[in-house]
Amino acid sequence: MNKNRPVNLDISTIKLPAPALVSILHRISGVVLFAVVALLLCMLDSSLESEQGFQKVADFFSSVPTKLVLWAALAALIYHLIAGVRHLLMDAGVGESLEGGRRGAVIVLVLSVVLILLAGVLVW
């Protein structure tokens, strides 16, 4: 074993390649979606219990912070969907090369940003 190899333990100085960033963000968006689904199911249950519960949930969704959280949840869903399609295409043999992986990662990032901004405009 070579003992003279460089060791970089400071994560803030490591420059991740685009495919690694896309993969990490895909996992994070999945965790966010898991939490948001639980929250939305609780709100659905509350809205179906009574008319007062429905009105409380409707008033809750009309506030600005809630719209921001809803937009963030929608952003996680959009990103997770696009990155998931990329993973499925790679499983089918499309974009498996080093250059194909980089291009696919950049496409995922650009397409996600465009669709997330479009969703933000539509939410407001």
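This is a predicted model: local features need pLDDT of at least 70, side-chain atom pairs count only at pLDDT 80 or more; totals for chains, interfaces and linings use all residues.
Which side chain meets that of Glu-99 in a salt bridge with an N to O distance of 3.9 Å? The partner is Arg-102.

Glu-99 and Arg-102 sit in helix α4, which covers residues 98-123. Because they are three residues apart in that helix, about one helical turn separates them. Glu-99 has a relative accessibility of 40%, so this residue counts as partly exposed. Arg-102 also comes out at 40%, and therefore counts as partly exposed too.

Glu-99 has another partner as well: its side chain meets that of Arg-103 in a salt bridge, here at 3.5 Å from N to O. Arg-103 and Glu-99 lie four residues apart in helix α4, again about one turn of the helix. With a relative accessible area of 55%, Arg-103 is exposed, since the cut-off for that class is over 50%. Shared partners link these salt bridges, joining Glu-99, Arg-102 and Arg-103 into one network. In total, the structure holds two salt bridges.

From here, follow α4 to its packing against α3. The two axes are 9 Å apart, and the helices pack at an angle of about 150°. Angles over 145 degrees count as roughly antiparallel, and therefore α3 and α4 are described as roughly antiparallel to each other. The crossing in which α3 passes α4 is right-handed. On the α3 side, the contact is made by Lys-67, Trp-71, Leu-74, Ala-75, Ile-78, Tyr-79, Ile-82, Ala-83 and Arg-86. On the α4 side, the residues include Gly-101, Gly-104, Ala-105, Val-108, Leu-109 and Leu-111, and also Ser-112, Leu-115, Ile-116, Ala-119, Gly-120 and Val-123. Sorted by class, the residues of this contact are 15 nonpolar, four polar and two charged.

For a distance to check, the C-alpha atoms of Ala-119 and Ile-24 are separated by 22 Å, and the two residues are 95 apart along the chain.

Next comes the other partner of α3. Helix α1 spans residues 18-49 and helix α3 spans residues 64-91; their axes come within 8 Å and cross at roughly 130°. That angle makes α1 oblique to α3. The crossing of this pair is left-handed. From α1, the contact draws on Pro-19, Leu-21, Val-22, Leu-25, His-26, Ser-29, Gly-30, Val-32, Leu-33 and Val-36. From α3, it draws on Ala-73, Ala-76, Leu-77, Tyr-79, His-80, Ala-83, Gly-84, Arg-86 and His-87. Twelve of the residues in this contact are nonpolar, six are polar and one is charged.

Helix α2 runs over residues 51-61, and its axis and that of α1 come within 7 Å, crossing at roughly 135°. The two helices are therefore oblique to each other. Leu-40, Met-43, Ser-46 and Ser-47 of α1 meet Gly-53, Phe-54, Val-57, Phe-60 and Phe-61 of α2. This contact has six nonpolar and three polar residues, with no charged ones.

Met-43, in helix α1, is buried with a relative accessible area of 12%. Leaving aside neighbours within four places in sequence, Met-43 is in contact with Val-57, Phe-60 and Phe-61. Its C-alpha atom is separated by 9.7 Å from that of Phe-60, 17 residues apart along the chain. Ser-47 also lies in helix α1 and, at 13% relative accessibility, counts as buried. With residues up to four places away not counted, Ser-47 touches Gly-53, Phe-54 and Val-57.

How values were computed
Residues are numbered from 1 along each chain as its sequence is written. Side-chain values use heavy atoms; hydrogens and water are left out. Axes are lines fitted to C-alpha atoms, for helices over the stretch in contact, and angles run from 0 to 180 degrees between N-to-C directions. Angles under 35 degrees count as roughly parallel, over 145 as roughly antiparallel, 65 to 115 as roughly perpendicular and the rest as oblique. A crossing is left-handed if the near helix is turned anticlockwise from the far one by less than a right angle, and right-handed if clockwise. Contact means heavy atoms within 4.5 Å. Ala, Val, Leu, Ile, Met, Phe, Trp, Tyr, Cys and Pro count as nonpolar, Asp, Glu, Lys and Arg as charged, and the others, Gly among them, as polar. A salt bridge is a side-chain nitrogen of Lys or Arg within 4 Å of a carboxyl oxygen of Asp or Glu. Buried means under 20% relative accessible area, exposed over 50%, partly exposed in between (1.4 Å probe, protein chains only).
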